[in-house]
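Here are a few notes to read alongside the coordinates.

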Amino acid sequence: MTTLTDRYVWAAARTLPETQRADFDRELRERIGDATDALVEAGSSPVDAERSALTELGDPAALAAQYVDRPLQLIGPRYYLMWWRLLKVLYSIVLPIGAAGVLLGQLLSGADIGEAIGSTVTTAISIAVNLGFWTTLVFAVLERTTAGAGQPGIAAVWTLDMLPALPEPAKTSRLGELIGSLVFLGIFAAAIVWQQFGVVFHDGVREPIPLLEPALWSFWLPYFLALIALEILFAIALYAWGWNWWLALANLVLNVAFTVPALWLFLTGQLISDEALAAMQWPWGSSGPVIVAIIVVVVIGAATWDVIDGGIKAWRATRARRAASIA
Amino acid sequence: MSTEETTAGHLQELRRGTVVLACLVRLRTPDYGYALLESLNGLGILVDANTLYPLLRRLEKQGLLTSEWNTDEARPRKFYRTSPTGEHLADALTTDWRRIDDALAGLTTGDES
């Protein structure tokens with residue numbers, strides 16, 4: 001006949017390595033037997049005594065884990081911070097890059113904008129789940145791997161160099177600019193791809209014709225997309241370092257690289273596709289030259305202002321830095 | 001957390017190390033788990049079975065206790081005995097215990113003056 005004690009001992013011992021079971025079995029039976037006897041002596045019936053002795057012992061799995069020093073947490077204090085820091089790094093680098101890659105790939109392969117966003121979101125979720133799962137799994141295994149005698153294990157030693165820098169107030173305010181630039185550049189890049197599938201409306205109906213000349217895909221449109229990628233790098237550099245003369249110079253180069261070819265293509269009539277011009281019924285009477293002149297002035301003005309603004313900000317930042325280093 | 005819980009928590013912390021010392025001293029004469037539990041509690045060194053049994057195993061693992069199975073009776077029992085290393089530790093702990101006691105006494109008389 002199996003007793004409650006037999007069941008309890010079996011439940012506890014089955015999680016232990018084979019070699020330790022016999023000893024554990026004996027020790028546990030001694031403990032249960034002595035506790036039961038003491039309760040019987042105090043006046044309980046043998047059945048009640050066994051029940052309360054076993055209840056006192058608690059969950060057999062927990063008892064066995066304590067016996068072999070097995071951790072009862074997935075990731076303990078030794079690895080928790082390392083796990084958390086790694087996860088934060090992965091989520092802030094791999095996840096956005098992966099999602100952006102999928103979005104770009106979808107748009108380049110000519111997917112519908114809604115479809116592209118949809119598959120980007122699903123892929124991003126699956127990347128997030130996978131990152132979380134595999135990172136956690138590795139650390140859970142580490143937690144259960146005992147280091148050899150005399151070895152410190154894989155625990156990373158914290159040093160003073162790991163202290164984070166105090167957040168610069170300027171950097172916090174630059175974060176807003178960075179997000180703004182990234183969103184704008186992203187929309188701009190998406191618009192260049194998307195216009196291929198028709199953005200010209202005629203009597204409220206979308207015409208399935210490209211706005212920009214399709215022949216430009218052979219060089220100029222990829223060139224502008226590459227420039228946008230450089231602009232993104234520029235925005236990130238600006239966020240990281242703040243304005244300085246190098247970045248102001250880079251800003252000038254990027255502006256020239258964008259504005260000069262764009263205006264040249266526009267003025268020589270290579271930018272806008274013939275079908276789009278026809279659909280828009282260009283030129284609009286005699287106002288054509290005036291509109292062209294306005295566009296040219298606005299584009300040159302915006303680029304010039306951007307370059308001057310960058311110069312001013314670089315000058316101010318340099319002066320502020322010099323003042324701070326003197327102080 | 002209530003005051004009672006806080007008090008209980010601090011008392012437990014204060015007693016934790018003393019149980020180790022009490023075991024090492026008491027087990028100069030070999031004994032088994034339950035008898036040790038009874039005798040310590042009888043002496044006023046309050047300890048719970050869920051604390052004592054794992055502690056005995058840990059001290060044995062650290063080489064501070066040695067053990068031997070006694071199978072003379074119907075129920076086999078594991079008898080623990082303080083090892084020479086355990087004796088050294090007991091001496092060190094006792095010395096420190098006295099030092100702390102003196103220091104606390106000094107603090108208390110210092111308060112009164």
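1. The C-alpha centres of domain 1 and domain 3 of chain A lie 76 Å apart. Chain A is assigned domain 1 (4-67), domain 2 (73-147) and domain 3 (170-327), with bounds from an automatic or database assignment.

2. A word on conventions: this is a predicted model, where local features need pLDDT of at least 70 and side-chain atom pairs count only at pLDDT 80 or more, while totals for chains, interfaces and linings use all residues. Residues are numbered from 1 along each chain as its sequence is written, chains are lettered from A and ligands numbered from 1 in the order written, and side-chain values use heavy atoms, without hydrogens and water.

3. In chain B, strand 3 (residues 77-82) pairs antiparallel with strand 1 (residues 31-32) over two bridges; strands are DSSP E runs of at least two residues, helices H or I runs of at least four, numbered from the N terminus, and pairing takes at least two DSSP bridges. B:Tyr80 is the bridge partner of B:Asp31.

4. Strand 3 of chain B also pairs antiparallel with strand 2 (residues 65-70) of chain B, over six bridges, and a hairpin of six residues joins these two strands. Here B:Phe79 partners B:Glu68.
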